[in-house]
Amino acid sequence: MKERFQKFLTLIWIILFVYFIINILHLSWYIASPEGFWGFSYFIQVIRAVLLVLILIVISVFAIWLFVSALISLLKKKSTVNDLIKTLGVIIFIIVITAFNSVWAGSFSFFLSSHLSEKYSLINRTDEYLNKDKFEKAYKLAVKSYDNEQNRNVGWFFILSKLYSQTDFDKKQKLLSKYKATINYGYCLKETLNEDNGEKFFKESILIAKSPLLIEQQTNLLIFPTLSLAEINLNRQNFKVADNYFDNFYDLIRDSDSEDTNQIINTYLIFAEQASRVGDFKKSTKLQMESLNIYEKSDLSKKSNKYLALLLGASASELYNENFTNASNLLLKSKSIAEDKDNRPIYLTYLNVKAQYCLLAGMNNQGDENIIEKSFKEKIFGSSIDDLSLQEKMIKESEQCFKDLVKKSKDISGKNSYNYLDSLIKLGNFYYLTSQFEMAKNIFDKTLDLIEPVKHDNKEVYHDIYIKNLKIKSLKQRIDISKLDEFENFLFDNLNSNYLMLTEEEKEKYIFHLNKKFDFINDFYVKENSELARERLYNNIISVKNVALSSNSALRDYIRNSNNEIKSSFNELLNEKNKMSMSSANYNSNIKTAELIKIKEKKLLEKVYKDPTFKQYLPKYIDWKQIRDSLHHNEVAIEIFNLTISKYPKQNSQYYALLIEPDSKSPQLIELFKEDELKDLLNVGGDTKTRVNSIYNLNNKKLFNLVFAPIEKYLKEDSKIYLSKSGILHNISIPALTKNKRWNVYVLGNTRQITSQNDLRKTDKAVLFGDIDYTSSSDSISDRNRSNNFFKYTYKSLKYTKDEVEKIGELFLNHEEKNLKIHTGIEASEQAFRNISGTETDIIHLATHGYYYNSNNFSLFNDSQFETTSLLRSGLLLAGINNYGLNTPENDGNLTSLEISAMDFSNVDLIVLSACETGLGDVLGSEGVFGLQRAFKIAGAKAMIVSLWQVPDKQTSDLMFKFYSYYLNGQSKYEALRNAQKDLKVDYPDPYYWGAFELIE
């Protein structure tokens, strides 16, 4: 019986030992969660680590027992102190040897296995599969890993693992493993365009990252899924949702200076995509190039899909901006990498960029022939292609690339794929742009059949093809314009929905981009030329023209009348924009600052739009009939607009006029001129005086015949004309052009202004600036006219401005009821001008230097690498400008248009800019001129007098005195300026002396 009991006891001990060993192995496996070969190696090292802990526990227990026994023996005087010290030495020796063998000797192996296990973690393995086009393997790995983490529970049988799983340390590790599997699943779906693009799993990973156990790592864990969700919603055109994720993303990276290379590149690419979305392609190109530069400086593979994608993205961006040399260099660099991947989806991108390059280069008669592929036979024996012009070669190569793109898309992605559909659209567009309309129609018919079942999810693509197909059909038959209703409504819906959360700068870029789509519709109406077509055409023109300006003005009006918190927040934003744009900080710092400023602005906009008292500007709130009904006898309204002529091989713009009279049944449509014809007349050499007099004297008749001769038959000898310009006409002086006519031409930003015009004249309170002390040295240029270059020159007071403001001042003082303030010398400061903002001032007169630079010239004088708005490339110079950089930004003498736009001139009836080129700026589509005049309009000024060229000092002084003489004696602004110009013309017949100034209301 005793023997049986001993055997049973032995069996129990064996079972317990085996159970213990199994628990050890399970605990090690549970901790390691191995993946792949190096993951299994990591598991072995975890076993060693667990055993080490157990051995150390056993040794520690034994050592404590040994030490206690020795101490008891010493107390019983059975041993000496030396025996106790020897025992202690033996214990320490055993522990050190054990630790050395188990930890030190195995530490490198443990580190290597752990490191490699992390390196080959889920998302990297998924990337490897995707790069090799092993989509099914990537998907299976994602599903398996995710399911494993969802079911990763342990029962009480494995007691060591169960006890370990109850610790906060293991709960944290489980959350990290679950997070890793979840973002991998989302990433895999996003990259393979599967199901919901991974949105559900990225949201789930955010919830995991917000666990209290992961609080220390939360910021780093939130970056990837937040950025991914922003990208997903951006691709779906859920712009408001995307912007919210971007807000969160920027907050996460705000204090991060050590993102890894891939993180920085991905961030820049997202910023580039955002910029493209609103039509800011210059900024997008800069970001694409910066991403490429970062990658090339890193030690990442120069044969990867990522590198190829960056090369192609940068090339496409350069191509959009017509930098053909840069585009071809990047394309040639990508050629060998792409050809090694000719059976992978990335090769489709290469074919597309190459095809687009050859098409655009060919249409512009440019291009690098090294891009063109030649067969072996052609290389040896030559071919007929050698007899073609460069233009023909490029177009021929482009067609072949688009055909190859269609074939490859079908082979790689299948005939039901989006890639195949997209390639067909691109081939159709090629035939359309090269005027091969029958070929284009056949392709578009095919694509419409493919997209019809899913058109509601691809509205923009569907409408783009549909409208082009209609345009082709219109070449042979009349098109029912009611078929345009759906597309037109789609564009206005897009405009209204997307405008809500765009910044002021984004609105301006976006509308320029959207104009091209409206041009397609307007072109139909021009060709139809029926009463209904002309009515719709007029309504479209006035709805879209200056829409960004009107929207921004409505916003500024609200801010001017809002609480102090919103006012100060907005002014702080403008100050930050000013500082950033003039900053010489590195690009990475500037782009991050710019995006953070944008986030602040969007958060402020959200507050504004939630306020029920805010009245959003509605583009279609006025139609042509309301304008007609506002006209009086002998008055006409004329809207000038231009449409791009996309005829291969050369593009041009055709200008038209829409004219309304008080009794019009519908607007009249009048064909005017082609832009190239006008450019030829304006392309005159010489100094300002020679150039201006050549245009408005020698070429006046030719210029008049282009612009006004086709309209003249609808006008009377003394007609009152409300004229809204477009495009290149913004650079034309209407007073100089119509100098031989008795017409009264009032220049408006948009003829819809006629419906809200009033004849209120306010002349009670005026502020004059002149005879300004720029604190120049004795060597500065003293005889310089009112010029535009404060970066290169120092300035002395303009001689005749003293006489100008003194004489005008006397005119005001002769009217006892007038209130006058004159700022001269060092008192004519930027701060003095700022003090006018928000006051009850009727007239502001500035006799000083004005400036405007286009974006190319501005870079010569400013070290900032950041793209600057036109409101920072134009402005006025006041006291202290020669000490620029030494004074505070609020009083440095450089009054930029951006600073002016932040002010409140809603009470000002007239701004007179007695300076050079104050009417110039960037001309952007239907938005008009971006510069000083736009700044004052945004600030709320009712009317302004601006100049179109560098004006002579003395004659300008005389002109201004005559203007105020008439104006203060009761004439309207327009009548006063017209009569002043007539008077000056007697002594100075040449338009150079009097024709630069124009009244804009």
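This is a predicted model: local features need pLDDT of at least 70, side-chain atom pairs count only at pLDDT 80 or more; totals for chains, interfaces and linings use all residues.

Reader: Okay, how do the axes of α13 and α15 cross?

Author: The axes of helix α13 (residues 305-320) and helix α15 (residues 345-363) come within 10 Å and cross at roughly 20 degrees. Because angles under 35 degrees count as roughly parallel, α13 is described as roughly parallel to α15, and the crossing is left-handed.

Reader: Which residues of α13 and α15 make the contact?

Author: On the α13 side they include Leu 308, Leu 312 and Leu 319, and on the α15 side Ile 346, Val 353 and Leu 360 are among them. The residues of this contact divide into 10 nonpolar, four polar and no charged.

Reader: Switching to α8, why is it called largely enclosed?

Author: Eight of the 11 residues of helix α8 (residues 199-209) are buried, so the rest of the structure largely encloses α8. The buried residues include Phe 201, Phe 202, Ile 206 and Ile 208, and also Glu 199 and Glu 204.

Reader: And the backbone, what is phi of Ser 435?

Author: Phi of Ser 435 is near 60 degrees, a positive value in a residue other than glycine. Ser 435 sits in the loop between α18 (418-433) and α19 (437-451), and at 32% relative accessibility it counts as partly exposed.

Reader: What about Asn 634, buried or exposed?

Author: Asn 634 counts as buried, because its relative accessibility is 17%. Asn 634 also has a positive phi, about 75 degrees, although it is not a glycine, and it lies in the loop between α27 (624-630) and β1 (635-645).

Definitions and conventions:
Residues are numbered from 1 along each chain as its sequence is written. Side-chain values use heavy atoms; hydrogens and water are left out. Buried means under 20% relative accessible area, exposed over 50%, partly exposed in between (1.4 Å probe, protein chains only). Helices (H or I, at least four residues) and strands (E, at least two) are DSSP runs, numbered from the N terminus. Axes are lines fitted to C-alpha atoms, for helices over the stretch in contact, and angles run from 0 to 180 degrees between N-to-C directions. Angles under 35 degrees count as roughly parallel, over 145 as roughly antiparallel, 65 to 115 as roughly perpendicular and the rest as oblique. A crossing is left-handed if the near helix is turned anticlockwise from the far one by less than a right angle, and right-handed if clockwise. Contact means heavy atoms within 4.5 Å. Ala, Val, Leu, Ile, Met, Phe, Trp, Tyr, Cys and Pro count as nonpolar, Asp, Glu, Lys and Arg as charged, and the others, Gly among them, as polar.
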